[in-house]
Amino acid sequence: MNLVRIIIATTQGPVTVQRITEEDPVVNSVVCLSGKAVALAISPAYDAFVRNPTGVIQRHYGHPAFRVDVSEKIDEGYSWQLGLFAAHALYHSGQLAQQDQACARTVIATGELDRDLNLLAVSGNEEKTAALRSAIEALVEKSVAVTLVVPKQNAAHWISHFSDLTDRASPSIEILPIETAGQLLDHLGLSLPGQPQHRKPAAPQPTARGKSSWLAAALVFLIGAVAVAGGSSYHPQLKALSDQALGSLQALLAPSPSENAAGEKPAPVAGPTPGLADPAEKPPRAIPAPVEKPAPPPQPVTRPTPVESGPLIAERDVLVASRRPATIAAPLRIELSERRAPLGFSCEEAHQMAIEAQVRPPTMRGAIALFGKANDKLCTVEVLAKAASNSDHVFGRYQRWTQGRPRDTEPDKVIDLGPRQGPVSWSVDIPNQLSRPAVFQILILSSNKAFEVTDQMHRRLASIRPGSDQLIRLQNRLRADGIKLTTRQFRILPERRSRTTRPPQADATGAGQFQPERLTSPPSAR
Amino acid sequence: MAEQAGTTKQHFTQAAFDALLTTDRLMAGTAADTGLVSPTEMYAYAVDASHQPSPGLLDALNTQAPVQASFRRLLNNTARYHLPQVAAASSGDIEQRESEGCKIAFRPSRANAAQIYVIIECIGDTSFNPAVLFVCAVDGTTNRMELPVAQNGRIQLLLERESDMAKGLLDIKTEVYLK
Amino acid sequence: MGSPENRFLEEGKSAELCACLQIIQETTADDSLKYSDKTCRELARLIVCRNYAPAVLELCHLVVGAIYGGSHDQRYEALFFASGPARAGGFRAWFAAFTDQHKAIDIGRQEIFISYADKPFAVTYGRMPLLSALMEFLMTAIGYAPLDETLSPLLGGLPSHKQVSDAANDLSRQVYSYLGEHLPPVQEQRKSQSFLQFASDRAAAELAAATINDDTVLDYWMAHADGDSDDRGVDVKTYRSVFRMAAHLVRVLRYAEDQYRMNGALPIGTDFESGEIDPGDLETALAEIELPDQPLSALHNVVSAGVKITNKREMERLQEALHGEDVGRALPKSILRNAVFGDAQAGLVQALRRAGPLPMAQLIAALPDDDYQTRRKQYSQMIDHLQQMMLASFHVLARAGKPLAASLAIALHPDLDISDLAQDPNEPDWGDSNVVSFHAENAMARFFERLEADDNGELGKLSGTARTAFKSISRQGFSQAEMERADIVEQFGKAAIALIAVHKELSRFLNNHIASIDWDQLITVDTTLFRSQFTTLYGGQNG
């Protein structure tokens, strides 16, 4: 039997098809490197090229899974398709020269096939021809008959590049520009199993031997190009789609019968060839029903409770806020944050020289928020009151007492904001020198309905003092109207009045256990 | 009163001074030869297929039982699929391992009997493409393999039968994790 | 021979504790160090002071936040180990990326807020880097399996505040047990007594920051370096470690004195008689004592983040010169001795480690490589370098309209007359307002108005010089393209604050603390003295 070796022309050099083996139908076809357990990167594309419904090998040769061993790596592209198709055809007929089997004929091929076995033009011809030259010369030297099979669209380059070899009138090298894989099979004396012959009718044996053939070949190339442009093609992009999606798409893309007739193209096949036995279809893959990892059970919906602003203690200037326990769940948060002068700067510099202050929330030690360290100056306290929903209506009042005790005097500063939808905020710059304590009160009215702050309500709010009983009475009254009243107080003390708090005691283990829930509001400033 | 204040200051000075020196010493230590590994790196190794492990991590995973136990638990918590030990078969190789939604099948290569195909299919979550596979042996050691991209929902590996990975996968006592 | 606790610390399992912290310091994320120096130091303080329990509680709440505030298909580990470098902004972005949080989790601008059924809790983003480092420590120290087991009650559904506290207590007990094995109790960590005693004996009256001076450091080293080691496990063989010890003591004493001056008492100690120190207070005090290191640490972080304000050598020069105002004032000669002879000794030690017998007498006779005047010159050059960097930073920040440009302008030109930008004298002392940064906003608006209108004035000239300075620097972060990036501008902002502070401290050190010393005479005396001591320590015979 006349064995034929197949070499694939790649941009990296010639790649010999060493062996084809039918594998278990359940596996995907692979291309491996020299018998090693190394599946090359083109293996998925090769599997798609083999297996129904996307591929052509199973359609024509029956088996759905093969392993091909090749001599060198092929990393990308599709121009290996013509060579591997020819290898399968030869393998099917028992004519493929495998491993080190001696043979007198070598076919070097490059070309991408569509599903109808039409050959598409390839790129990288410069590199391929350059990389092949020494290999071809070596084969010719050994008197091996070499056929270079290339797409007609690329033929001009190949003929030109190897003209010196073909001009030697050596009978052992020829260039075969073709339009379909069938033409290559004809050349090899093979037939295409699995479906009727569909050869191009007027295809001559366009071997290029010497310059005299070049013009004829170029002419055929032009005709071929026009023919291909009118037909359907096997777009590589489709290879990435799922089998099912691909089937549908190909059905849509397939030219109509009338187009086929006009173009004299073979009828495209959008699935397994009807009537063609397909004994090696993948067996059904029985896998237990999918069960996700158990999802966490539905969480109870907890309405947010107001943030507890804490007692704030500084050493230079001491800011103390009482952390009141949440009375009822309410969708409102009051955040306190501090602005400090960066290290090396005073608050005056931060204010006057426009230095960007460092903004951070108060340091929390459990339930107690600590504001202030002598070396790290507290310049500003910011207050933000924010409803859970931006559509909620909020009214906020900021009151400050610096001249007298809140119980005895009116606040010397009041800033009202709202009612409005969205948050309300204030910023309090702390003066450098304090001679007496200052007391602050934040009053927030919030509701999911629009409301007005009437004169009467203003009067009532003005009468509320930190720690007074009026607060609870007003809260109850407003609650009946669907309005929540939340208050916060904090205090800023002069440096000399500062005090420290005892942090939580170590637990029985002596590990300095921290249990903020045990904490209560610290004693007021002395 | 003054005496008490002095005592407090002395105690504070001593404690703060000691603490600063101890902090210096702790900060200037060395991690060499302790067998400890970085949790961040261990996590990356467990979940990030492209992570290149340090020799120290691999060594610890091979030799340090506490690190192995931690890593196993991390895999349990982070892996998408866990395929437990296979029920004892009478003899011969196992053909597949499976758990809910995921199956790993083994097929010998007809081309080379010394090689084996490993086919991984996860249909529990079609959006999930396993990127890395771990085989954990009873001795605590772990083998890891970055997986190729799935083809139509299946990942196929071709392994030498005598490779650690193939032997581990075919060993009924190992556990397999897919992430 | 060391005491039992010393052996424990030297040879025992404390090496593992050191390794735990070293691993955290070396951990990388996205090709940069995951934790800043500051965070690592904070963690070390928590451990040394045994004040970990509050942080462990916060960490447990953060775990809850990570589980119920993140993606449904992720566990808490993802927040700690797959969120990149541990920075507040990174954590904020991590939480902000999810939209389907549990209803009990509120993602705020500064914190995540967890509304438990029994009591709410908030964890700030600023705190998260430390908590993340703590998580890393717990995983390394007590192991992932026990840690995860302890946290498992938090995973099955939103826990109660109490459940979180219980888990935290459980974890704290495990840390307590671990540290019991790996860190001697505070009372036994009396490593410093020898130096403390020496300093006390030298002080005429009560030991105070002012009683520690250059002679204290040198004399102690001369007297103690040739012993095996200090009884308490402190390396006193190198001048550098003795200097560092003295610098610590100066800072500690200064802090204690400040506290007395301000409050009439130290906010420390629950039992005066026994000397028990509250862990929280001790940690807070240490944080404040170490504050002067922050500007250099900040500069270091800026460099790591891709703006090369200093190269390695420049940073080394700054680190050897700057130890805080108190140390600079108290130990000026020691700082230069540490720079010159500390380096020399380190070189000797390294040479001894590397090779076998060495011609020690020759080596020692060739020391030091540098002298004090050279170092002074280098520090002066650093002033020039810092000014160039401040100018370049001004250029970037002014172009970006950042308020810090004004700070740099004042720092670069203290005589610059921008008094009209100051606070309006009619404004009340209490700048309470519903507008954030009330004064800053006004002042800034006025500053940039001036900058634009003042082409030929002082500010205009400053702009031109700054532009030239920026363009003359060819370092990472200083290209035109890079200065357009918001993250780079942010780094310049951080650099500006640090540069101003570092420049101020270095200028003060050069002009006030070391200007009047006769360095030429001192190097002559010191060279003889140090060579003699090195000979005693390392042998003078050729090997």
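A disulfide is a covalent bond between the sulfur atoms of two cysteines. The structure shown is a predicted model.

**View 1**
The cut-off for buried is under 20% relative accessible area.

**View 2. The open sheet of chain A.**
Seven strands make up an open sheet in chain A. Their order is β3-β4-β2-β1-β5-β8-β9. The pairing is mixed. At the edges of the sheet stand β3 (30–33) and β9 (173–178) of chain A. Each of these edge strands pairs on one side only. On average, neighbouring strands of the sheet are turned by 30° against each other, direction ignored.

**View 3. Strands β1 and β5 of chain A.**
This view moves to one strand pair in that sheet. Strand β1 of chain A covers residues 4–10, and strand β5 of chain A covers residues 105–109. The two strands run parallel. Five bridges join them. For I7(A), the bridge partner in β5(A) is I108(A).

**View 4. A helix across the sheet of chain A.**
Helix α1 of chain A spans residues 43–50. This helix lies across two strands, β3 and β4 (66–70) of chain A. Relative to β3(A), helix α1 of chain A runs at about 135°. β3 of chain A is also an edge strand of the sheet.

**View 5. The open sheet of chain B.**
Chain B has an open sheet of four strands. The order is β2-β3-β4-β7, with antiparallel pairing. Each of β2 and β7 (154–160) of chain B has a single partner strand, so one side of each is left without a neighbour in the sheet. Neighbouring strands here are turned by 15° against each other on average, direction ignored.

**View 6. Strand β3 of chain B.**
Strand β3 of chain B runs over residues 102–108. Five of its seven residues are buried, so the strand is largely enclosed by the rest of the structure. In the strand order of the sheet, β3 stands between β2 and β4 of chain B.

Strand β2 of chain B covers residues 96–99. β2 and β3(B) pair in the antiparallel sense over four bridges. One residue pair to find is R97(B) and its bridge partner in β3(B), I104(B). The hairpin has two residues between the strands. There, G101(B) takes a positive phi near 85°.

**View 7. The hairpin of β3 and β4 in chain B.**
Strand β4 of chain B covers residues 115–122. β3(B) and β4(B) pair in the antiparallel sense over seven bridges. They form a hairpin with six residues between them. K103(B) has E121(B) as its bridge partner in β4(B). R107(B) has Y117(B) as its bridge partner in β4(B).

**View 8. Chain C as a whole.**
Chain C contains 25 helices and six strands. Of its 543 residues, 58% count as buried. The accessible surface of chain C comes to about 21,700 Å². Carbon and sulfur atoms account for 48% of that surface. Contacts in chain C between residues at least 6 apart in sequence were also sorted by separation: 75% join residues at least 24 apart.

How values were computed. Residues numbered from 1 in each chain as written. Chains lettered and ligands numbered in written order. Predicted model: local features only at pLDDT ≥ 70, side-chain atom pairs only at ≥ 80, totals over all residues. Heavy atoms only, no water. Buried < 20%, exposed > 50% of the residue type's maximum accessible area, 1.4 Å probe, protein only. Contact = heavy atoms within 4.5 Å. Areas by Shrake-Rupley, 256 points an atom, 1.4 Å probe, with all protein chains shown as cover. Pairing = 2+ DSSP bridges. Axes fitted to C-alpha atoms, helices over the stretch in contact; angles between N-to-C directions.
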